[in-house]
Amino acid sequence: MLKRLLVALALCSSPALAVDEEVVLGLSQDRVAITANFDGSEILVFGAVKREAPIPSGPPLEVIVAVSGPSSPVTVRRKERKLGIWVNTDSVLVDEAPSFYAVATSAPLNEILSDTEDLRYSVSIERAIRSVGAAMNIRGAQEFADAVIRIREHESLYSIREDTVAVDEQTLFRTSIEMPADLTEGDYVARIFLTRGGQVVSQFETTIDVRKVGLERFLYNMSRQQPVWYGLMSLVIAIAAGWGASTAFRLLRE
Amino acid sequence: MQIYLPIAEVSVNAFLLLGLGGMVGILSGMFGVGGGFLMTPLLFFIGIPPAVAVATEANQIVASSFSGVLAHFRRKTVDLRMGTVLLIGGLTGAALGVVIFNYLKSLGQVDLLVTLCYVVFLGVVGGLMFIESLNALRKSKKGVSAPPKRRQRGWVHAMPFKMRFRTSGLYISVIPPALVGLFVGVLSAIMGVGGGFIMVPAMIYLLGMPTKVVVGTSLFQIIFVTAFTTMLHATTNFTVDVVLAVLLLVGGVIGAQIGTVIGARMPAEQLRVLLAALVLVVCGKLALDLLLEPSELYSLGTGGGH
């Protein structure tokens, strides 16, 4: 309790967020429409730093852009060999893991963001995944969280791309975030951090709306809201197509 | 051409799906199996979530079996009375299977048990069929036309509630076919298959039905059982992806038509050797997955769902 209070106090009195430099942001698109032939999207993130005073001396301004998809709990299972076959044995529930997470930075992340700042803002992939309630009785609970990252990086759902944000004159910046085809819909949060010497000096947040549209939206809604009709419709479509193709094929042969 | 599947929420190549559907459709028409035992693992392999693959496969089997059964109706090779008895057992079994499936899911071991089911059933059925049909082939090669098998007068014929099945030329109790249907219904709900690979041998070896009517009759039963399974999945798990199903079945129905033609031209013994070999290959692949150390020991599932 005391610890939490201290953290809260620290957050309130943090001098880092005294707004001397502010982000003015543009996105090439603030909504992603998932259509039938959706095969991924690239979002251009660009902006400028607004300031009233001249550019402060000292360490240069660095920019971090982090885009995260909706979070949900994930059960991670580990296989072990039992009686000669590989079986799921231990499992850990990771409380919150984003379905998508991409970080782009203007320099190597550990050089421009201190560990304490990373802890506070949950910027790196490791920090973005929370497994607070991970069972302590399972050996190596951290390995399970690592497995989530490894598997999702492999599916290009998680990525960290360092040195991909271009910064001009400590004022203008731009980067692009690639979104793969296998997106879940929801509100994606884009966070932009300005840092100097490992400290966050300003942050900005906006949302990108990722939604299914058209036929995709219609079918998805119907399957959830009128499952009986959806099931019957699927059967009718299947049978009609089966019968239609059969007849067409027979006519073709005669 | 990539296409985004609305329920599975993944993007896959449309031509890959059409091709898979066509390939499995040919086998479906040739052997009278729904092809689900092949398609469901293939769908896992291309990255469709298992729950969606199982449910959608049931829907697709309805379609591919429908065009197949039409072809068999035209050739009058469907035993409707036998089909109905099998169906009554099948619907009961499917309902029972869903209960078992949900119980396994609560234990968190559903993947393992589904794979084990595949390995055991495919292995036993494939092995038996392979040996039996090789023997039959050897006999026919010797030039001695295999003597018409004497009807077994075993336990199958000692049971009450006898019924005459004219199309099959049988006079047997309804209990064995109903039990076969029940068993296949359970498997269909648990494994996401039509169950033809169990039912076809059971009808030939257990019930003694003529090979000619077996394929059409099993397709007839499969249609209704898989339609029932589709409805159960659509209303409880919301995992039927109609876009995926349509793509698979467009390839599937055309394949099934070609397969029916090929099947009608090939000798029954050779057909059975091929089916047995196919079943054994799928079984071997699944068994290897269980025995060899996987490259990724961890797997992700949606958490906190219950």
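This is a predicted model: local features need pLDDT of at least 70, side-chain atom pairs count only at pLDDT 80 or more; totals for chains, interfaces and linings use all residues.
Chain A contributes through both of its domains, since at least three core residues are drawn from each of domain 1 (17–212) and domain 2 (213–254).

Two helices of chain B were examined in more detail. Helix 8 of chain B comprises 26 residues, and the distance from its first C-alpha to its last is 37 Å, close to the 38 Å expected at 1.5 Å a residue. This helix is mostly covered, with 22 of its 26 residues buried. Just after helix 8 of chain B comes Phe238(B), whose phi is positive at about 55°. Helix 9 of chain B covers residues 242–265. Its 24 residues should span 34 Å at 1.5 Å a residue, and the end C-alpha atoms lie 34 Å apart, in agreement with that value.

The secondary structure of chain A consists of seven helices and twelve strands. Buried residues account for 31% of its 254 residues. Among contacts in chain A with a separation of 6 or more, 72% involve residues 24 or more positions apart. Chain A is divided into domain 1 (17–212) and domain 2 (213–254), and the centres of these domains, taken over C-alpha atoms, are separated by 40 Å. Six residues from domain 1 of chain A and six residues from domain 2 of chain A take part in the contact between them. On the domain 1 side, strand 2 (31–34) and strand 12 (199–212) of chain A each supply at least two residues. That side of domain 1 of chain A is made up of three nonpolar, one polar and two charged residues.

The interface between the chains brings 50 residues of chain A into contact with 50 residues of chain B. On the side of chain A that touches chain B, at least two residues are supplied by each of strand 5 (71–82), strand 6 (85–98), helix 5 (141–154), helix 6 (214–225) and helix 7 (227–253). Helix 7 of chain A gives the largest share of this side, 15 residues. By class, the side of chain A that touches chain B contains 29 nonpolar, 13 polar and eight charged residues.

Several loop residues of chain A were also characterised. Most residues other than glycine have a negative phi. Ser122(A), although not a glycine, has a positive phi near 50°. Ser122(A) is placed in the loop between helix 3 (115–121) and helix 4 (125–128) of chain A. With 16 other C-beta atoms within 10 Å, Ser122(A) is partly exposed. A positive phi, about 60°, is likewise found at Asp163(A), which is not a glycine. The loop between strand 8 (158–161) and strand 9 (166–168) of chain A holds Asp163(A). Asp163(A) is exposed because 11 other C-beta atoms lie within 10 Å, and a residue counts as exposed at 12 or fewer.

Gly197(A) lies in the loop between strand 11 (186–196) and strand 12 of chain A. Gly197(A) has 12 C-beta neighbours inside 10 Å and therefore counts as exposed. Leaving aside neighbours within four places in sequence, Gly197(A) is in contact with Gly58(A) and Pro59(A). Gly197(A) and Leu113(A) are 84 residues apart in sequence, yet their C-alpha atoms are 7.5 Å apart in space.

How values were computed: Residues are numbered from 1 along each chain as its sequence is written. Chains are lettered from A and ligands numbered from 1 in the order in which they are written. Two residues are in contact if their C-beta atoms, placed from the backbone, lie within 7 Å. Helices (H or I, at least four residues) and strands (E, at least two) are DSSP runs, numbered from the N terminus. Ala, Val, Leu, Ile, Met, Phe, Trp, Tyr, Cys and Pro count as nonpolar, Asp, Glu, Lys and Arg as charged, and the others, Gly among them, as polar. The expected span of a helix is 1.5 Å times one less than its number of residues. Domain bounds come from an automatic or database domain assignment. A residue is buried if 20 or more other C-beta atoms lie within 10 Å of its own, exposed if 12 or fewer, and partly exposed in between; C-beta atoms are placed from the backbone.
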